[in-house]
Amino acid sequence: MILTLVLCGVDAAGRGPAMGPLVAAAVAVDDDGPLRKMGVKDSKKLTPERRTELAISIRELARVEVKVIPAADIDARGDTLNELEAEVFAELLDRLGPTEAFLDACDTNEGRFARMVGSKLRCHPRLVAKHRADDIYPVVSAASIIAKTVRDAEMPQICTGLGIGPLSGYCGDRHTMEFLEGYLKEHGSLPPHTRMSWKNIRKMSSDSKT
């Protein structure tokens with residue numbers, strides 16, 4: 001019996017923002033040739049319009065699994081973000097059951113991150129974890145695109161629910177941080193979807209009480 005080699009890439013979007021979810025995505029294919037021809041690359045190197053176009057094509061071509069982790073769930077976890085991401089990556093891989101999996105390593109130590117994910121798996125793929133894997137492996141580039149487009153679709157919904165215009169949610173976004181500071185000043189608390197456990201957010205909240 002000939003076993004089909006299933007290649008899978010896993011990546012996440014939204015690790016660092018002050019607002020909004022972390023989104024992890026896994027993309028599985030039998031052959032990454034079509035992804036290469038499609039021109040997938042690190043989602044940060046693509047325009048929003050091109051990401052959207054590619055995300056549609058990826059979903060037509062590949063098996064895709066996604067998990068959205070809200071800010072409140074991130075705050076509720078007692079472990080590190082690396083541990084949470086490893087757990088989510090393993091969950092997505094178990095859904096797809098690949099032969100070989102390529103991971104974007106969030107840990108400074110690539111091997112440690114691969115072992116962290118592997119210890120949580122029920123399936124047994126060959127695992128390769130690399131920094132900037134979304135620049136190296138087409139399946140990880142594809143996962144990066146899916147994760148980013150899902151997060152980008154989540155943020156407008158969050159902003160609409162808060163009655164505000166679109167924000168990226170990132171700490172480096174002046175509009176996001178000004179909104180949070182203004183909301184805190186007006187309401188005495190931070191809005192839903194804020195990552196309360198983030199160091200700069202805790203400091204913002206603490207400074208408002210002095």
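Does Phe179 count as buried or exposed? Select Phe179 to begin: at 15% relative accessibility, Phe179 counts as buried, where buried means under 20% relative accessible area, exposed over 50% and partly exposed in between, with a 1.4 Å probe and protein chains only.

The model is a predicted one, in which local features need pLDDT of at least 70 and side-chain atom pairs count only at pLDDT 80 or more, while totals for chains, interfaces and linings use all residues. Residues are numbered from 1 along each chain as its sequence is written, and side-chain values use heavy atoms, with hydrogens and water left out.

**Around Phe179**

Phe179 is placed in helix α7; helices (H or I, at least four residues) and strands (E, at least two) are DSSP runs numbered from the N terminus. Next, display Met19, Leu162, Ile164, Leu167 and Pro191, with which Phe179 is in contact when its neighbours within four places in sequence are left aside. Contact here means heavy atoms within 4.5 Å.

**The α7 and α8 pair**

Select residues 174-187 for helix α7 and 199-207 for helix α8, which pack at an angle of about 35° with their axes 10 Å apart. Axes are lines fitted to C-alpha atoms, for helices over the stretch in contact, and angles run from 0 to 180 degrees between N-to-C directions. Show Met177, Leu180, Glu181 and Leu184 in α7, which meet Asn200, Ile201, Met204 and Ser205 in α8. By class, this contact has five nonpolar, two polar and one charged residues; Ala, Val, Leu, Ile, Met, Phe, Trp, Tyr, Cys and Pro count as nonpolar, Asp, Glu, Lys and Arg as charged, and the others, Gly among them, as polar.

**Asp42**

Move to the loop between α1 (33-38) and α2 (48-61), where Asp42 is placed. Asp42 is buried, with a relative accessible area of 5%. Beyond its neighbours within four places in sequence, Asp42 is in contact with Asp134, Asp135, Ser141 and Ser144.

**The largest pocket**

Finally, select Asp11, Ala12, Lys44, Asp104 and Asp134, which lie nearest the centre of the largest pocket among its 18 lining residues. A pocket is an open set of points on a 1 Å grid over the protein atoms alone, where a 1.4 Å probe fits, with protein on both sides within 12 Å along at least five of seven lines; lining residues have an atom within 4 Å of a point. β1 gives the most to this lining, with three residues. By class, the lining has five nonpolar, four polar and nine charged residues.
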